[in-house]
Amino acid sequence: MSALPKCPQCGSEYTYEDVNMYVCPECAHEWPQVAAEEGNGEKVYRDANGQVLQDGDSVTVIKDLKIKGSSSVVKVGTKVKNIRLVDEDHDIDCKIDGIGAMKLKSEFVKKI
């Protein structure tokens, strides 16, 4: 049997595999196996399809996104050029034509 990593949230050693995720039965925390295996200390950003994102990439929005505090919406298929990755909750800083500076989550974009 292979050694599974401990839960990064509570430290439990009773983690198990579920498709491509690790799951902790004690605190219900889930995290991707890919990130745990790449554990080189540097965060890896992935789009909705699992492709690795880098600074300067171009992406497409895959879901209508409401803009908080506004009645505007970022429509599906909106192309965003020259993204910048940041280590925050919304991990993409970008500028969208007609809207301006935005922060997006990588789970709502796909690499072009």
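Tutor: On a 1 Å grid over the protein atoms alone, a pocket is an open set of points with protein on both sides within 12 Å along at least five of seven lines, and its lining residues have an atom within 4 Å of a point. This model is predicted, so to speak from the start: local features need pLDDT of at least 70 and side-chain atom pairs 80 or more, while totals for chains, interfaces and linings use all residues. Residues are numbered from 1 along each chain as its sequence is written, and side-chain values use heavy atoms, without hydrogens or water.

Student: Which residues line the second largest pocket?

Tutor: Leu-65, Lys-66, Ile-67 and Lys-68 are among them, along with Val-74 and His-90. Met-102, Lys-103, Leu-104, Lys-105 and Phe-108 belong to that lining too.

Student: And which strand gives the most to the lining?

Tutor: Strands are DSSP runs of E, at least two residues, numbered from the N terminus. Here strand 10 gives the most to the second largest pocket, with 3 residues. Strand 5 (65-66) also supplies at least two lining residues, as does strand 10.

Student: Strand 10 keeps coming up. Which way does strand 10 run against strand 9, parallel or antiparallel?

Tutor: Two strands pair if DSSP finds at least two bridges between them. Strand 9 and strand 10 (residues 100-104) are antiparallel, with 5 bridges joining them.

Student: How many bridges does strand 9 share with strand 8?

Tutor: Strand 8 (residues 84-85) is joined to strand 9 by 2 bridges, again running antiparallel. That hairpin has 6 residues between its strands.

Student: Is strand 9 mostly covered or uncovered?

Tutor: Mostly covered: 4 of the 5 residues in strand 9 (92-96) are buried, that is, under 20% relative accessible area with a 1.4 Å probe and protein chains only (exposed is over 50%, partly exposed in between).

Student: Where does Asn-82 lie?

Tutor: In the loop between strand 7 (79-80) and strand 8. Asn-82 isn't a glycine either, yet its phi is positive, about 55°. Its relative accessibility is 56%, so Asn-82 counts as exposed.

Note on methods:
On a 1 Å grid over the protein atoms alone, a cavity is a set of points where a 1.4 Å probe fits but cannot get out, and a pocket is an open set with protein on both sides within 12 Å along at least five of seven lines; lining residues have an atom within 4 Å of a point.
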